[in-house]
2 protein chains.
Amino acid sequence: MARGSTRPTSRDVAEAAGVSQAAVSLVLGDKWRGRVSPATAERVRHAAQELGYRPNLAARNLRLGRTRTVLLVVPALTTEFFAGVYTGAARVAAQHGFGVVLYPSPEGIGPARDPFGSAQAALDGVIASSMAADALTAIRGDQLPLVMLDSDPTGSQGAATVNLDITDGVRQVTDHLLRLGHRRFLHLAADIPSWTFEVRAHELASRLRETPGTSLRVTRAPISFEDALTATQTALTTPGPRPTAVICDDDKLAAGAYKAARRLGLRIPDDISITGLDDLALARALDPELTTVRLDAERFGEQGMKALLAVLDGRTPPKEDIPVELVVRGSTAPPNA
Amino acid sequence: MARGSTRPTSRDVAEAAGVSQAAVSLVLGDKWRGRVSPATAERVRHAAQELGYRPNLAARNLRLGRTRTVLLVVPALTTEFFAGVYTGAARVAAQHGFGVVLYPSPEGIGPARDPFGSAQAALDGVIASSMAADALTAIRGDQLPLVMLDSDPTGSQGAATVNLDITDGVRQVTDHLLRLGHRRFLHLAADIPSWTFEVRAHELASRLRETPGTSLRVTRAPISFEDALTATQTALTTPGPRPTAVICDDDKLAAGAYKAARRLGLRIPDDISITGLDDLALARALDPELTTVRLDAERFGEQGMKALLAVLDGRTPPKEDIPVELVVRGSTAPPNA
DNA sequence: ACGCTCAAGTGTTACGTATAACTTCCTCCT
DNA sequence: AGGAGGAAGTTATACGTAACACTTGAGCGT
């Protein structure tokens, strides 16, 4: 090694290849056609290979004024859902020469604080999921292009939004249970201030209001087995006719509802039907397997990244909700007389 | 994007405050004591606030030759385990002014490819989990300080390693089942080439070899419910005396084993005991709750980051395995006659 | 033989920051 | 009175890269 300890720079490569630094930049930047002879280009590439040259990203980013890196802000990674979102986003990003940096919001779903202190990388844009207004304004303060996932399209202050068609998912679940004959429902709602959960509550309530002879109880719990268990147990033992179906805001809550039902001696689905939302792997680990709504997390991430790329290009991002699919399994059946 | 007004630089702040750019750098870098008057410092801070100044990370990184950012390479984020590792690592990092960037290896546990193309951020170091040799050498080729998680301490080519005391965990599980009276075991092993799983197989086998009158069957499956189910079903219906206990390499596999047992009409734990390893939330969602080994993911991440900080400081990283804890729940009981 | 074009490069600069080295003014000690 | 020394700054520079503007020489048509 000529330089010894420090990392080789493009100048070192230039010296080794007997050309100027500018030539190295042209060749390695793949903009050399018609500017450098093929033989010289090959010599440069060989020298770079030989020295183990890797461009200094900090210098490149400074020179270009962009990083080709975007931030994906997600709630705490306690389920595989956001892993799928990342996978989809990263795939699309890679096709366009972008990288994706993950920032799991420390406080779970809800307000996120200072994603930039934590991810020191300079960023070209942000994809943010289920975040509250304060984090949104913190990000907007930086003038960064922003795409919001599963957020109120009318309340995002002009930021592009990409949403799953949760409304349709709730409709499908509700219709499925109504068709089976259920009339008395319990909604086990996630106790988290986020638009995506408000949509669930709103759609379910209005759907049942339209259907005569139905009743709806609502209970709230943070997304954890224990909290879901106690909330469900309390709600099911409240005086009055017991609900025959529990509609849960997500699969994890549904797992808690399973335990509550078992503790009360209720059989699933004979005595009580339970539905989830997400279609996590967990849904098939439960016994009986959970009827739920499949969300295409990867496609969600893909659309989010595509929308951000559109914003970065000055184009108008496509605006269409991502379809979801009801998956009927063993946890739902007609109510027994 | 119409980036009409460019972001303010330290020079803009200097102009607004009526000082030189150097003074701004001193004040905002908190190195102004004895170099700038308190009144001027306040004026600079106010101007920065007013303009919404944020330092250009690319420029700072170039100037300083370091980024205070490290990469955490994890397998696909399909369980909350590595979320905990990240949380622990990020907490320690933040205390030292570092940020952590997450890189979920696209191919799951096993060889990872080119973490640097994806995370364009320039990096000061890497914490890598359960990776194969080729990715390791790719990283080492960049001469980056490296800490390996749960990897062979003797085979990491001098990289620091931080490990969970998996050997002790397996020993505790085995002893627990032996004490209950079990003698015929099935090991449901993860079909993934990783040191952490080799350790499990080795310790279990040698432990039982030491104990007369015991027998061990081994079956392998990728970490998914379906694969675990079919593998377990096959193994339990093989001719010969049926095992009375299934020791699984992790909780997810255990969930598959539950389904296999149920499909064969076996009751848990009366007809067959099952154990896991991880203590995921899933363990308490299963019915009956799973006896498993609790791994302290956050502490794991903390130790990993501490080790990396030690390497970056030129110190020798502490070398101690992180203790694990057997959690006995309802899935294990004495074998019935 | 002349100017023209084109291939194949090179010289130079700027991106925004942190800091070493320098300057200027003022106070205080002897 | 005459520096010594400190407070309060400023000036200048380098980090490594990409790209614009320029140079040089050869080929070529007329």
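**Core, sheets, helix packing and the A–B contact**

Setting aside neighbours within four places in sequence, B:L72 touches B:Y86, B:A89, B:V100, B:V101, B:L102, B:Y103 and B:I127. This is a predicted model, and B:L72 turns up again in its largest nonpolar core, which holds 166 residues. Together with A:L72, A:I127, A:A257 and B:A257, B:L72 is among the residues that touch the most other members of that core.

Now for the sheets, starting with chain A. Four strands of chain A form an open sheet in the order β7-β6-β8-β9, and the pairing is parallel. At the edges sit β7 (215-221) and β9 (273-275) of chain A, each pairing on one side only. From one strand to the next, the twist averages 20°. Inside this sheet, β6 (residues 184-190) and β8 (residues 245-248) of chain A run parallel and are joined by four bridges; A:L186, for instance, has A:V246 of β8(A) as its bridge partner. Helix α9 (residues 195-210) of chain A packs on the sheet and touches β6, β7 and β8 of chain A. The direction of α9(A) makes about 170° with that of β6(A).

Over in chain B, there is an open sheet of four strands with parallel pairing and the order β7-β6-β8-β9. Strands β7 (215-221) and β9 (273-275) of chain B each have a single partner strand, so one side of each is left without a neighbour in the sheet. One residue pairing to look at is B:L188, whose bridge partner in β7(B) is B:T219. Two helices lie across β6, β7 and β8 of chain B: α9 (residues 195-210), running at about 170° to β6(B), and α10 (residues 225-236), running at about 150° to β7(B).

Helix α1 (residues 10-17) of chain B packs against α2(B) at an angle of about 100°, the axes being 8 Å apart. That puts α1(B) and α2(B) roughly perpendicular to each other. On the α1(B) side the contact uses B:S10, B:R11, B:V13 and B:A14, and on the α2(B) side B:Q21, B:A23, B:V24 and B:S25. By class, that makes four nonpolar, three polar and one charged residues.

Helix α2 (residues 21-28) of chain B also meets α3 (residues 38-51) of chain B: their axes come within 10 Å and cross at roughly 90°. The pair α2(B) and α3(B) is therefore roughly perpendicular as well. B:A23, B:V24, B:V27 and B:L28 of α2(B) make this contact with B:T40, B:A41, B:V44, B:R45 and B:A48 of α3(B). The contact of α2(B) with α3(B) counts seven nonpolar, one polar and one charged residues.

Finally, the two chains touch each other. Their contact takes 41 residues from chain A and 40 residues from chain B. On the chain A side, at least two residues each come from α4 (57-64), α5 (81-95), β2 (99-104), α11 (251-263), α12 (282-285) and α13 (297-312). The largest share, five residues, comes from α4(A). Sorted by class, the side of chain A that touches chain B has 24 nonpolar, ten polar and seven charged residues.

Definitions and conventions: Residues are numbered from 1 along each chain as its sequence is written. Chains are lettered from A and ligands numbered from 1 in the order in which they are written. This is a predicted model: local features need pLDDT of at least 70, side-chain atom pairs count only at pLDDT 80 or more; totals for chains, interfaces and linings use all residues. Axes are lines fitted to C-alpha atoms, for helices over the stretch in contact, and angles run from 0 to 180 degrees between N-to-C directions. Angles under 35 degrees count as roughly parallel, over 145 as roughly antiparallel, 65 to 115 as roughly perpendicular and the rest as oblique. Two residues are in contact if their C-beta atoms, placed from the backbone, lie within 7 Å. Ala, Val, Leu, Ile, Met, Phe, Trp, Tyr, Cys and Pro count as nonpolar, Asp, Glu, Lys and Arg as charged, and the others, Gly among them, as polar. Two strands pair if DSSP finds at least two bridges between them. A nonpolar core is a set of buried Ala, Val, Leu, Ile, Met, Phe, Trp, Tyr and Cys residues joined through C-beta atoms within 7 Å. A residue is buried if 20 or more other C-beta atoms lie within 10 Å of its own, exposed if 12 or fewer, and partly exposed in between; C-beta atoms are placed from the backbone.
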